[in-house]
Every structure is written in structure tokens, then in C-alpha cells.
Amino acid sequence: MSSISPGSVVWFEIGTAGTAAVQDFYGPLLGWAFETDHDSSTDGRVYTRIIAPGAPWPMGAIEQGGTGGEVINLSVLSADVHDDVERLTKLGATVLVPPTAVGDVTVFARLRDPLGNAFALFSRTTSQQLEERAASTEEHIEQAAYAPAPGSFAWFEIGTTDPQATREFYEAAFGWRFEKDDSAGGKPYFNVFTGNPFPSGGMYDHSTGPGGADYVMPSFLVTDVPATVTEATAAGAAVEHGPDGNPDGLVFARLKDPHGNRFGLFSMPAPPAQG
């Protein structure tokens, strides 16, 4: 049985007026490759797939010419986008882009949560022609979740100055579960479970202490966080937090790209030495 079910975060999108600038920043930094998705490039939207190094299928996309402005957002699988938009607005979300059909590829919508963070909903394709590609993409997403490669979208993070409101919204919206992360060295960090037995994201409680922010962002696995942060700042990014680390050896940083969109970088703890 597939672990990708409604409520799962399985995609991210970068909305922009300048696809080339996005490619020029993230391509060299994270080793991404890009290809135009002609099936999804409709109604003035040029949709460009983002492919992690060595990956056979995309993990996200750049949307040029959409109505969402300059934004980076997570995309959540929906069983019925129209119904979910109606339900989520009653929970306090606001609509940025109403439910929109992209041929028979998907239906998507973009919203903001009660704290102003953008996220998207999308449905599975109804096209028999694209069914095989969609199934292969989902298979790759599942495999990558267990063994992500450097440069890939391997985590998401919610930063919040109101953790109670954030938890209540996402629990009601998608059934997500939040558990305190005891490996975070005392940081007010919570693992987020979106339906799998392992966490796929985290929530950072910024309600106490200086420098708090509200955001929802993708995080990308790298082999050397400090070195990648140096490369990113040389290319026009700004560091908001880090590089920082947990006692178990996980290293992370939060940045803003040249368009002001937040993203995270992290590296996994080194495996224990063999005795």
C-alpha cells in the first residue's frame, strides 16, 4: 500500500516571474536539473520540473507566470481540492489561487494558513496517458523518503510564533500529528507526522526568544551545511539562522534566497563508528 495519501507533503513549487534566475541560483547550489513540463504549461503558466541529482523523476517545480507572485510553497496531496478549499477556509485559511484545473493533469489551489504561510493543494491526475508517469513519480518519492540523496527535498519545516494555532490548524486540516523532538538538544522543536510511521517534517516553536518568524518551507539535504551556506550567500542568499546543530550531529540552517523565499539546509548525523 502506498504511503502517499491525502494530507501528505510530496511536492514543492517556486512561483516566480523569472525562471532563469531561480535556475541560476538553485541549480549550481544543489545540483538540480530542470525540464519543461509541457502538459502542465497552460494558460500562460510555464511549468518547469525540478529534478534532484541522479533522480529519475521530479520532486518539485518552478511555476512562471502564475497568479501567486514570488513564493515558495509546499504542496499537499488532496482527494478533492474543491472540497478541501471550502473546508480549510472554514478553519481560517485564505485563498490565493482558487481551485484551478490544469487540463487533465491535476487540479490545484494555493492558500495561506491562519498565520499567513503559503501552501498548495493538488489532486492526482485523471489522465490515463499520464497515469504511468504519475505512478513512477510517486514510487520515486516514496523511495527518496527512506533514502534521500544530497540536493533532494527531504524535510519540511513550519516556524511559528503561535504553536497552538499552528497545531490546531494542521491537525484539523490534514490530520497531522506533532511530537516533541527529544533529540533537538532542548530546542522547542516538534516532529510532524503526516500519516507515515516516521516524521516527514518539523515545527519550530518561535513563540519565545528573539528572532522568531512564521513560515512554511522545504528543506534540502546536503553533505556540508556550512560550505553550502557559504556558496548560497555568495550567490545572493541571506542567512536567517545557523548553521546550527543538535547533540546527535544533525546540522541545519535557514536561509532566504535572492527573491526572499525561505528554504532550509540540513545534513544527517554521521553513522556510528564500527567497532
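Residue A20 belongs to helix α1, which spans residues 19–30; helices (H or I, at least four residues) and strands (E, at least two) are DSSP runs numbered from the N terminus. The model is predicted, with local features needing pLDDT of at least 70 and side-chain atom pairs counting only at pLDDT 80 or more, while totals for chains, interfaces and linings use all residues. Residues are numbered from 1 along each chain as its sequence is written, and side-chain values use heavy atoms, with hydrogens and water left out.

A20 has a relative accessible area of 49% and is therefore partly exposed (buried is under 20%, exposed over 50%, partly exposed in between, with a 1.4 Å probe and protein chains only).

D113 is located in the loop between β7 (106–112) and β8 (118–122). D113 is buried but has no salt bridge, and the nearest side chain of opposite charge, that of R112, is 7.5 Å away. A salt bridge requires a side-chain nitrogen of Lys or Arg within 4 Å of a carboxyl oxygen of Asp or Glu; Lys and Arg count as positive and Asp and Glu as negative, with His and the chain ends not counted. The side chain of D113 reaches the backbone nitrogen of L115 at 2.9 Å.

Notes: Polar contact = N/O pair within 3.5 Å; in protein donor to acceptor, adjacent residues only side chain to side chain.
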